[in-house]
Amino acid sequence: MRQVPCDELLNMAMNIGYQLLINGAEIYRVEESIQRILAAYDMRDCDIFAVPSCIFITVNTPEGHPFTKLKRIPSQTVNLDRLERINDLCRRICRDKPEVRQADREVRVLARRPSYRFAVQIAAYALISFSFTLFFGGKLADAACAFVCGAVIKLICHGMGRLKGNAFFTDILASAAVVLLAALMARAGLAPNSDKVIIGALMTLVPGIMITTFMRDIMAGDVLAGLIRFVESLLVAAAIAIGAGAALVVPRLLFGV
């Protein structure tokens with residue numbers, strides 16, 4: 001195998017690690033994937049350290065020259081389709097050892113891969129709220145109201161995202177909107193059980209995957225990363241509670257309910 005420029009290899013490995021992390025991969029998966037890619041190109045003297053907000057990579061060339069690269073992770077989401085394709089690319093890189101620039105181009109193509117259309121995302125939020133309301137014992141009328149609330153949650157999250165709003169305040173605003181909307185629907189006689197509507201709709205904001213991921217990180221030995229994600233999940237739960245609790249006061253003041 002011809003000698004691969006260390007800076008090109010380091011950039012390609014970092015781009016893959018970055019895409020894995022921002023799309024919801026566990027910390028151990030990110031570190032192991034980067035390490036295997038570097039080893040596939042005979043760059044075995046390396047150290048990788050990742051946390052949910054940052055990735056550090058240090059490699060030493062055969063001549064003994066160290067190279068270090070750091071990349072900040074601004075935010076994360078969960079995109080299982082993109083994550084699966086990047087995992088597949090990692091396996092192909094380790095197996096076939098393609099030209100580094102070609103592999104880097106494939107990573108960039110996957111990074112630009114579009115997610116589901118906005119209308120589909122709204123429908124997904126609405127259906128999740130509808131289903132959870134029935135699951136928690138709500139009636140069909142409650143589930144129909146929760147369907148609307150779920151769509152409103154997605155609209156709020158999308159709007160705040162366009163404005164680059166803080167995730168904590170986005171959750172507060174979304175949960176408050178759900179409680180107010182459910183109260184109005186109950187006042188109009190559309191929702192027999194407003195509490196079931198609220199619980200079902202708020203399930204779209206509950207950080208279930210984040211909770212699962214922080215447990216897997218801790219069990220894999222990445223205690224720091226696990227604790228960071230644990231704190232993030234607590235903040236999401238606190239934001240939901242603050243928004244819902246604050247919104248409960250408004251219907252009482254306006255309608256006496």
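Two strands count as paired if DSSP finds at least two bridges between them. Helices (H or I, at least four residues) and strands (E, at least two) are DSSP runs, numbered from the N terminus. By that rule, strand S1 (residues 46–51) and strand S2 (residues 54–60) pair in the antiparallel sense over 6 bridges. This is a predicted model, in which local features need pLDDT of at least 70 and side-chain atom pairs count only at pLDDT 80 or more, while totals for chains, interfaces and linings use all residues. Residues are numbered from 1 along each chain as its sequence is written, and side-chain values use heavy atoms, with hydrogens and water left out.

**The sheet**

- S1 and S2 form a hairpin with 2 residues between them.
- Within this pair, Ala50 stands opposite Ile55 in S2, and the bridge partner of Cys46 in S2 is Val59.
- The open sheet has 3 strands in the order S1-S2-S3, with antiparallel pairing.
- S1 and strand S3 (66–72) are at the edges and each has a single partner strand, so one side of each is left without a neighbour in the sheet.
- The twist averages 5 degrees from one strand to the next.

**Helices on the sheet**

- H1 lies across S1, S2 and S3, and runs at about 30 degrees to S3.
- Axes are lines fitted to C-alpha atoms, for helices over the stretch in contact, and angles run from 0 to 180 degrees between N-to-C directions.
- H2 packs on the sheet and touches S1 and S2, where contact means heavy atoms within 4.5 Å; the direction of H2 makes about 155 degrees with that of S1.

**The largest pocket**

- A pocket is an open set of points on a 1 Å grid over the protein atoms alone, where a 1.4 Å probe fits, with protein on both sides within 12 Å along at least five of seven lines; lining residues have an atom within 4 Å of a point.
- The largest pocket holds about 2,600 Å³ of space, a volume being the space filled by probe spheres set on the points, which are joined across faces, edges and corners.
- Its lining has 50 residues, of which Gln76, Thr77, Val78, Tyr125 and Met210 lie nearest the centre.
- The elements giving two or more residues to this lining include helix H1 (6–22), helix H3 (80–96) and helix H10 (223–255).

**The second largest pocket**

- The second largest pocket has a volume of about 190 Å³.
- Among the residues lining this pocket are Tyr28, Arg36, Asn87 and Cys94.
- Helix H2 (27–40) and H3 each give two or more residues to the lining, and H2 gives the most, with 5 residues.
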